[in-house]
Amino acid sequence: MYNENNVFYKILHSKLSAKVIYENEAALSFHDIHPQKKVHALVISKGLYSNFSDFVAGASPQEMKGFFDAVTKVAEILGVSQRGYRILSNTGPDSGQEVPHFHVHIIGGEKLSTSL
Ligand code: AMP
């Protein structure tokens, strides 16, 4: 069950500001407020899904394509496409997911550890 009381819902509905990088019909991307690496962006779905599993279960193929197109587009904009980057989606309590709105982290801009 999606709960609207979360920060990404507020950003999506312009109730909270963010440093926007890119937007398309399925996704909105902005810089993480507490970057863990030189590049740390978030891509959030425009559809209201609590996590990755809900997104896969509920999103249309077009919505999924639009979302993942946005991920690669943001990597290009941030200049990490060639050297590489990591995408990560925390899903559910064991993952430590803080914000219950589906999102992917894009991390890079420097050599990343091979361990999780
Ligand atoms: P997760 O644990 O995957 O839910 O990660 C949520 C991420 O959202 C964390 O990396 C936070 O630093 C980030 N975050 C929380 N609030 C904001 C905000 N207002 N603007 C940008 N990023 C945020």
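Which side chain does Lys 65 meet in a salt bridge? The partner is Asp 69, with 2.9 Å from N to O. A salt bridge here is a side-chain nitrogen of Lys or Arg within 4 Å of a carboxyl oxygen of Asp or Glu.

The model is predicted, so local features need pLDDT of at least 70 and side-chain atom pairs count only at pLDDT 80 or more, while totals for chains, interfaces and linings use all residues. Residues are numbered from 1 along each chain as its sequence is written, and side-chain values use heavy atoms, with hydrogens and water left out.

Start with the whole chain. The secondary structure comes to three helices and five strands. Helices (H or I, at least four residues) and strands (E, at least two) are DSSP runs, numbered from the N terminus. In that direction the order is α-β-β-β-α-α-β-β. The C-alpha trace spans about 35 × 30 × 30 Å along its principal axes. A compact globule of 116 residues would have a radius of gyration near 13 Å, and the chain agrees with 14 Å. That radius is taken over C-alpha atoms, and the globule rule is 2.2 Å times the number of residues to the power 0.38.

Now the surface and the contacts. The accessible surface comes to about 7100 Å². Carbon and sulfur atoms hold 52% of that surface. Areas come from the Shrake-Rupley method with a 1.4 Å probe; for residues, only the protein chains shown count as cover. Buried residues make up 40% of the 116 in the chain. Buried means under 20% relative accessible area, exposed over 50%, and partly exposed in between (1.4 Å probe, protein chains only). Contact means heavy atoms within 4.5 Å. Of the contacts with a separation of 6 or more, 56% join residues 24 or more positions apart.

The buried residues of α3 are Gly 66, Phe 67, Ala 70, Val 71, Val 74 and Ala 75. These buried residues pack against β1, β2 (27-31), β3, α2, β4 (85-88) and β5 (103-108). An α-helix has 3.6 residues a turn, so residues three or four places apart point the same way. Lys 65 is exposed at 54%, and Asp 69 is partly exposed at 35%.

Glu 63 also lies in helix α3. Its C-alpha atom is separated by 8.6 Å from that of Ala 27, 36 residues away along the chain. Beyond its neighbours within four places in sequence, Glu 63 is in contact with Ala 26, Gly 47, Tyr 49 and Phe 55. After α3 comes Gly 79, with a positive phi near 75°.

What is the count of salt bridges? The count is two. Glu 23 lies in strand β1 (residues 20-23) and Lys 46 in the loop between β3 (39-45) and α2 (52-58), so the pair ties together parts that are 23 residues apart in sequence. Glu 23 is partly exposed, at 47%. Lys 46 is partly exposed, at 28%.

Follow the loop between β3 and α2 to Asn 51. Asn 51 counts as buried, at 15% relative accessibility. Its side chain reaches the backbone nitrogen of Ser 53 at 3.1 Å. A polar contact is a pair of N or O atoms within 3.5 Å; within protein, one must be able to donate a hydrogen and the other to accept it, and residues adjacent in sequence count only if both atoms are side-chain atoms. Not counting residues up to four places away, Asn 51 touches Thr 91, Gly 92, Gln 97 and Phe 102.

Gln 97 sits in the loop between β4 and β5. Gln 97 is buried too, at 18%. Its side chain reaches the backbone nitrogen of Gly 92 at 2.8 Å. Leaving aside neighbours within four places, the contacts of Gln 97 include Ser 50, Asn 51 and His 103.

End with a backbone angle. Most residues other than glycine have a negative phi. Ser 14 is not a glycine, yet its phi is positive, about 55°. Ser 14 is in the loop between α1 (7-12) and β1, and is exposed at 65%.
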